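Trainee: Hi! Could you walk me through this protein model? I'd like to begin with the aromatic rings.
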Amino acid sequence: MITIAAAVMLLVAAGACEKYEDGRPSKDVRTEFARMYPGAWDVEWEPQGGYWKVSFETGTRPNRIEHKAWYDDAGNWIMTETDMLLSSVPQVIKDYLAADEVYGNAAISDNDVEFWQKPEGDFYRFDLRLDGREVEVDVTEDGKVSPAR
């Protein structure tokens, strides 16, 4: 009897690991996500703009990291956004931003930075205050600084 109860509790707990809003992604999508992020937890799926957006966390509390990833219906990864603290951004990226002629003197207005991973390349997105207005600026790992796309 105890074995059956334990098995039921395990199945209930496993089912609670992923939440779905407005449907469920295909097996291909879920398989690719599990391959890319095997340690993901607090997983929540929702359709968005023709893609499947999955919000999830990695790491352990209290040092967890929040992510969002997008996949197409065939299970192809489109991109991932990772929230990080400014203090976690590599110094070389901060140096690229500081050296930029247009944005180098702008104040960083938020202690949070987004790290974007896309098939065509990765970049860090900063929120800046420039001439009294808020702007978003992307800095690539090879030093290109440009307004957010």
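Mentor: Happy to! Rings of Phe, Tyr and Trp (its six-membered ring) pair if their centres lie within 6.5 Å. Keep in mind that this is a predicted model.

Trainee: Okay, how many aromatic pairs does that rule give?
Mentor: The count comes to 9 aromatic pairs. One of them joins F33 and Y37, and that pair is tilted because the planes sit at 40°, with the ring centres 5.7 Å apart. Planes under 30 degrees apart would be stacked, and over 60 edge-to-face.

Trainee: Are F33 and Y37 buried or exposed?
Mentor: Both F33 and Y37 are buried.

Trainee: And how are the planes of F33 and Y71 arranged?
Mentor: F33 and Y71 make an edge-to-face pair, with 90° between the planes and 6.3 Å from centre to centre. F33 belongs to helix α2 (residues 27-36) and Y71 to strand β4 (residues 65-71), so this pair ties together parts that are 38 residues apart in sequence. Both F33 and Y71 are buried.

Trainee: Nice. Which residues do ring pairs link into a cluster?
Mentor: The cluster consists of F33, Y37, W45, F56 and Y71.

Trainee: Switching topic: how many residues are in the largest nonpolar core?
Mentor: That core has 17 residues, and those with the most contacts inside it are V89, L97, Y103, Y124, F126 and L128. At least two residues of this core come from each of α3 (91-99), β7 (112-118), β8 (121-130) and β9 (133-140).

Trainee: Which of those supplies the largest share?
Mentor: Strand β8 does, with 4 residues.

Trainee: What does V89 touch, apart from its close sequence neighbours?
Mentor: If you leave aside neighbours within four places in sequence, V89 is in contact with M84, K94, V113, Y124 and F126. Two of those contacts, Y124 and F126, are also on the list of residues with the most contacts inside the core.

Trainee: What's in the second core?
Mentor: The second core is separate and has 10 residues, including Y37, V43, W52 and F56.

Trainee: Last one: where is T58, and why does it count as buried?
Mentor: T58 lies in strand β3 (residues 51-58). Its relative accessibility is 19%, so T58 counts as buried, the cut-off being under 20%.

Trainee: Which side chain does T58 make a polar contact with?
Mentor: The side chain of T58 makes that contact with the side chain of H67, at 2.7 Å. Beyond four places in sequence, T58 is in contact with A40, W41, N63, R64, I65 and H67.

Conventions
Residues numbered from 1 in each chain as written. Predicted model: local features only at pLDDT ≥ 70, side-chain atom pairs only at ≥ 80, totals over all residues. Heavy atoms only, no water. Buried < 20%, exposed > 50% of the residue type's maximum accessible area, 1.4 Å probe, protein only. Polar contact = N/O pair within 3.5 Å; in protein donor to acceptor, adjacent residues only side chain to side chain. Contact = heavy atoms within 4.5 Å. Core = buried A, V, L, I, M, F, W, Y, C linked by side-chain atoms within 4.5 Å.
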